[in-house]
Amino acid sequence: MLQQETKNEIAATLDEAAFSATATGQISQNQSFDLADAYAIQAASLDRRHGRGEKLTGFKLGFTSKAKMEQMGVHEIIWGRLTDRMAIENGGQLHRSKHIHPRVEPEIAFLIGRPIERALSVDEVAGYLEGVAGALEIIDSRYENFKFSLEDVIADNCSSAAYVLGEWQHPTTDVVNVSIEMKINGELSQAGSSSAILGNPLAALAEITRILSEQKIIIKAGMIILAGAATPAVYVNAGDRIEGTFTGLGGVKLTVK
Ligand code: OOG
Ligand code: MG
């Protein structure tokens, strides 16, 4: 268990790495720390963002599909926090120079319609939704070579960097068998199915209600939840045009400047 002062120092290092778009070494190479420490560092790094005026907009899950677990070598579900500064409008631009080594991945997003304070079952979660959408997430590990341990990536707010939401669809729209394609510059880069996300993205939503209610964190109405990518993530370069298509949910576009 780390001292609070040490957690704050690590949080500052990660926050500055993100802010200056400069990679830093893995924390786990100099320090042993546990999952509780890792989430406390994440919270402290978010406090720094809130101090600069950023607002919490929701939460994301990570490593909810085999494809992601295998790509990154981490096999546990993780969660992180999203802020308004990370939101990019559909069709908008990502500034490559503001990031270290950004990657993009297709996601399913949920818009929460009423507060959630307890663990909900997969059958219950649908009743708390105001919308569902396709999304693109930009992840940008603050660690050199995009390499990390489970604790490292949690402390680094699960590599969260930016997200683009598609148009919200009615909450009863099927999200279980959505075919997902991600094209870069018109060429198919990744293809998958939303069923790769814990068999059903609503299961990811149920999972985060369980995790956050244990942490006494309320998911407020209007918040967004990203269920985790169904496919591996792909590096992006300046000039790239990225397009996610999600059968029944529509498309999401992003260009990299
Ligand atoms: C960690 C973030 C994982 C997902 O959707 O699985 C994630 C990473 O891969 O750097 O966002
Ligand atoms: Mg993701």
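Start at Phe 246, which stands opposite Gly 250 in strand S13. That contact belongs to the pairing of strand S12 (residues 241-246) with strand S13 (residues 250-256), which is antiparallel and has six bridges.

Before going on, some housekeeping. This is a predicted model, in which local features need pLDDT of at least 70 and side-chain atom pairs count only at pLDDT 80 or more, while totals for chains, interfaces and linings use all residues. Residues are numbered from 1 along each chain as its sequence is written, chains are lettered from A and ligands numbered from 1 in the order in which they are written, and side-chain values use heavy atoms, with hydrogens and water left out.

Two terms are needed already. Helices (H or I, at least four residues) and strands (E, at least two) are DSSP runs, numbered from the N terminus. Two strands pair if DSSP finds at least two bridges between them.

Now the sheet. S12 and S13 sit in an open sheet of five strands, in the order S4-S13-S12-S8-S9, with mixed pairing. Strand S4 (93-94) and strand S9 (187-193) are at the edges with a single partner strand each, so one side of each has no neighbour in the sheet.

Next is strand S5, residues 103-112. How many of its ten residues are buried? Ten of the ten are, so S5 is largely enclosed by the rest of the structure. Buried here means under 20% relative accessible area, exposed means over 50%, and partly exposed is in between (1.4 Å probe, protein chains only). Both faces of S5 are covered: one side carries Arg 103, Glu 105, Glu 107, Ala 109 and Leu 111, and the other carries Val 104, Pro 106, Ile 108, Phe 110 and Ile 112.

Which strands does S5 pair with? Ten bridges join S5 to strand S6 (residues 129-139), and the two run antiparallel; within that pairing, Leu 111 is opposite Gly 131. S5 also pairs antiparallel with strand S10 (residues 224-226) over three bridges, where the partner of Ala 109 is Leu 226. Two bridges join S5 to strand S11 (residues 234-235), again antiparallel, with Arg 103 opposite Tyr 235.

The magnesium ion, ligand 2, is coordinated by the OE atoms of Glu 105, Glu 107 and Glu 137, at 1.9 to 2.0 Å. Glu 105 lies in S5 and Glu 137 in S6, so the pair ties together parts that are 32 residues apart in sequence. Along the chain, the donors follow the spacing E-x1-E-x29-E. Donors are N, O and S atoms within 2.8 Å of the metal (3.2 Å for Na, K and Ca), and since water is not among the atoms, sites may look incomplete. Are these glutamates buried or exposed? Glu 105 is buried, at 3% relative accessible area, and Glu 137 is buried too, at 1%.

On a 1 Å grid over the protein atoms alone, a cavity is a set of points where a 1.4 Å probe fits but cannot get out, and a pocket is an open set with protein on both sides within 12 Å along at least five of seven lines; lining residues have an atom within 4 Å of a point. Grid points are joined across faces, edges and corners, and a volume is the space filled by probe spheres set on the points.

The whole structure has two cavities of 30 Å³ or more. Strand S1 (56-62), helix H3 (66-72) and S5 each supply at least two lining residues.

The second largest cavity has a volume of about 80 Å³. Helix H1 (4-20) and helix H2 (35-51) each give two or more residues to its lining, and H1 gives the most, with three.

The largest pocket holds about 430 Å³ of space. Of its 23 lining residues, Ala 18, Arg 85, Lys 98, His 99 and Ala 161 are closest to its centre. The second largest pocket holds about 210 Å³, and helix H6 (201-214) is among the elements giving two or more residues to its lining. H6 gives the most, with four residues.
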